[in-house]
Amino acid sequence: MAAKWIELVTGSLEQKKQYKQQRARIEVLPEPYGTVTKALQRYLMYYGGVTDGDTAIKMMSDFADLWERAATDGTPVRVIVGDDPVEFAEAFAHAYPGAQWIDKERSRLRSARGGRASRGSPQKSGVFERFQSMPIARSSVLWAHVLTSLVANLTSVVVVVLVALLMGFRSGADLLEWLAVAGILILFTLALTWLAVIPGLSAKSADGASALRTRSSSCRSSARHSSPLTLCPARCAHSPRTSR
Amino acid sequence: VVGKQMTEMLKGTLEGIVLAILSVRPAYGYEITAWLREQGFADIAEGTVYALLVRIEQRGLVDVEKVPSEKGPPRKVYSLNAQGRDYLEQFWKTWSFLAERLQRLHEEGK
């Protein structure tokens, strides 16, 4: 179960390993192949937008086969890619039938032509599939989400404390003790937000995930302070959904 | 302009051409490109042929065998399978149809 959750964040670890092995093959290519293949690979990543791990691995391995052969035989780059490297990269990407980020938009367009409104909420537009297809760590989206939540929470704490001070709240704590309080609050919020991510990731839909999140954030804010200045509901409405 | 036109027309037919080459005998990527160049398709990039081979492999029209080579990675030797043969037959039918209609148009226009 824990392994399943970890892989939800990181993607299949086995696939990741295989992909890295294949990518390592182009990283050791001599010049000028090294530069060219890295540029092509970057373009393929953005253009292809492949979201399915097996296809990505196969693509990378075929790509490495082609360039290792070229480097061994000393075939000029131009003979391989022709006049236009873009044309080559796109032809190569089109050779694979695997799932792409754009598939979702394609089926949406097709169903719109039939006069049917696309099902589901606008949050389902596949932004997470897009993130998955981009050269960023899969966990970075979650980190961004957690850190945003942390900053918002700290802002609300600062506001609450300032208002309390205005209303006459005084504390005998010195600077070090205030820092300790801040540290504990930061760690506590971080821990709770990460805990809230788990049910969010397990939820089937964006709506399910946000329901869980809203509940966990509001219980968090009421546990810490029951202030009329709760920034939470507004924040929840605008926050990114933890959908898959 | 002539070169561009050739490239565009080849895009639609290169698949059939490569399958036809493979129907004679199995070959690896470079052999196919070299043969095409010999036959006057001078502008064809090796990568284009490679992408096409990957595509017909993904669609299950060819079988691939990895043959060790003296230097570098193993070479991938492609051979036409039963599904590929069916597909090629269909390609020739479509081609004959197109060629005949175009010929007719050409003659009418003279």
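**View 1. Salt bridges across the model.** Over all chains, the count comes to 14 salt bridges. A salt bridge here is a side-chain nitrogen of Lys or Arg within 4 Å of a carboxyl oxygen of Asp or Glu. The structure is a predicted model, in which local features need pLDDT of at least 70, side-chain atom pairs count only at pLDDT 80 or more, and totals for chains, interfaces and linings use all residues. Residues are numbered from 1 along each chain as its sequence is written, chains are lettered from A in the order in which they are written, and side-chain values use heavy atoms, with hydrogens and water left out.

**View 2. A pair within one helix of chain A.** Glu27(A) forms a salt bridge with Arg23(A). Their closest N and O atoms are 3.5 Å apart. Both residues sit in helix α2 (residues 13-27) of chain A. Because Glu27(A) and Arg23(A) are 4 residues apart there, about one helical turn separates them. Helices are DSSP runs (H or I, at least four residues), strands are too (E, at least two), and both are numbered from the N terminus. Side chains of opposite charge can pair when their charged atoms come close.

**View 3. A cis peptide bond in chain A.** Glu31(A) and Pro32(A) are joined by a cis peptide bond. Omega is about 5°. Pro32(A) lies in the loop between α2 and α3 (33-48) of chain A. Most peptide bonds are trans.

**View 4. Where chain B meets chain A.** Contact (heavy atoms within 4.5 Å) links 20 residues of chain B with 21 residues of chain A. The two chains bury about 1,700 Å² between them, 55% of it on carbon and sulfur atoms. Buried area is the accessible area (1.4 Å probe) that two parts lose on being put together, summed over both. Tyr50(B), Gln58(B) and Pro73(B) supply 31% of the area that chain B buries against chain A, more than any other three residues.

View 5. In one salt bridge, the side chains of Glu57(B) and Lys58(A) meet at 3.3 Å, N to O. On the side of chain B that touches chain A, α1 (2-24), α3 and β3 of chain B each give two or more residues. The largest share, 9 residues, comes from α3(B).

**View 6. The largest cavity.** About 260 Å³ of space lies in the largest cavity. On a 1 Å grid over the protein atoms alone, a cavity is a set of points where a 1.4 Å probe fits but cannot get out; lining residues have an atom within 4 Å of a point. Grid points are joined across faces, edges and corners, and a volume is the space filled by probe spheres set on the points. Of the 19 lining residues, the closest to the centre are Leu66(A), Arg69(A), Gly29(B), Tyr30(B) and Tyr50(B). α4(A) gives the most to this lining, with 5 residues.

Technical notes. 1 Å grid on protein atoms, 1.4 Å probe; cavity = no way out; pocket = protein on both sides within 12 Å on 5 of 7 lines; lining within 4 Å.
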